[in-house]
Amino acid sequence: FVRDLMLDGHIGIHAHEQGVRQRLRINIDLSVIDRHPLPADHIEHVVCYQEVVDGTTAIVRRGHVNLVETLAEEIAQNILGIPDVVAVRVRVEKLDAFANVASVGV
């Protein structure tokens, strides 16, 4: 899993969201197949967290996305392309959407 990845991204459909960065919190849970006998104490035998974080960061920094749902789907599809990942749960939160709400998202 990756917990509380904090990134600034261009996201939103409203006029006040165009051309400005918004704080995002991203959480990712992975289900993987372990194909290697124990002990598998080698990086090539596991999913690399760095690959997940770097791929997610690249997607967020690619440019403006209208919907949080679209961003979450793009992140999920990218991670599902990593060998041995069989399922992923992605949570994307906009932290500054409303003054009286901690976060909104999907």
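Nine bridges join strand β2 to strand β3 (residues 85–94), and these two strands run antiparallel. The model is a predicted one, in which local features need pLDDT of at least 70, side-chain atom pairs count only at pLDDT 80 or more, and totals for chains, interfaces and linings use all residues. Residues are numbered from 1 along each chain as its sequence is written, and side-chain values use heavy atoms, with hydrogens and water left out. Helices (H or I, at least four residues) and strands (E, at least two) are DSSP runs, numbered from the N terminus.

**Sheet**

- The strands β1-β2-β3-β4 form, in that order, an open sheet of four strands with antiparallel pairing; two strands pair if DSSP finds at least two bridges between them.
- The edges of this sheet are β1 and β4, each of which pairs on one side only.
- Strands β1 and β2 run antiparallel and are joined by six bridges.
- M6 has R25 of β2 as its bridge partner, and R25 also stands opposite E93 in β3.
- D29 has its bridge partner in β3, namely R89.
- In a regular strand the side chains alternate between the two faces of the sheet.

**Helix α1**

- Helix α1 covers residues 49–61, and its 13 residues reach 18 Å from the first C-alpha to the last, close to the 18 Å expected at 1.5 Å a residue; the expected span is 1.5 Å times one less than the number of residues.
- The buried residues of α1 are V52, G55, T56, T57, I59 and V60; buried means under 20% relative accessible area, exposed over 50%, and partly exposed in between (1.4 Å probe, protein chains only).
- An α-helix has 3.6 residues a turn, so residues three or four places apart point the same way.
- The cover over the buried residues of α1 includes β1 (2–9), β2 (22–32) and α2 (68–80), where contact means heavy atoms within 4.5 Å.
- R61 also lies in α1, and R61 counts as exposed because its relative accessible area is 58%.
- The C-alpha atoms of R61 and I13 are separated by 17 Å, and the two residues are 48 residues apart along the chain.
- G63 follows α1 and has a positive phi, near 150°.

**Backbone angles outside glycine**

- Most residues other than glycine have a negative phi, and most peptide bonds are trans.
- D4, in strand β1, has a positive phi near 55° although D4 is a residue other than glycine.
- D4 counts as partly exposed because its relative accessibility is 44%.
- D84, in the loop between α2 and β3, has a positive phi of about 75° and is not a glycine.
- D84 is partly exposed because its relative accessible area is 22%.

**Cavity**

- The structure holds one cavity of 30 Å³ or more. On a 1 Å grid over the protein atoms alone, a cavity is a set of points where a 1.4 Å probe fits but cannot get out, a pocket is an open set with protein on both sides within 12 Å along at least five of seven lines, and lining residues have an atom within 4 Å of a point.
- The largest cavity contains about 30 Å³ of space; grid points are joined across faces, edges and corners, and a volume is the space filled by probe spheres set on the points.
- The lining of the largest cavity consists of G9, H10, I11, L24, V60, G63, V65 and L71.
- By class, this cavity lining has five nonpolar, three polar and no charged residues; Ala, Val, Leu, Ile, Met, Phe, Trp, Tyr, Cys and Pro count as nonpolar, Asp, Glu, Lys and Arg as charged, and the others, Gly among them, as polar.

**Pockets**

- The largest pocket holds about 230 Å³ of space.
- Its lining has 14 residues, of which H14, E17, V68, K94 and V104 lie nearest the centre of the pocket.
- The elements giving two or more residues to the lining of the largest pocket are α2 and β4 (104–105).
- Six nonpolar, five polar and three charged residues make up the lining of the largest pocket.
- The second largest pocket has a volume of about 160 Å³ and is lined by F1, V32, I33, D34, H45, V46, V47, Y49 and D84.
- The lining of the second largest pocket divides into six nonpolar, one polar and two charged residues.
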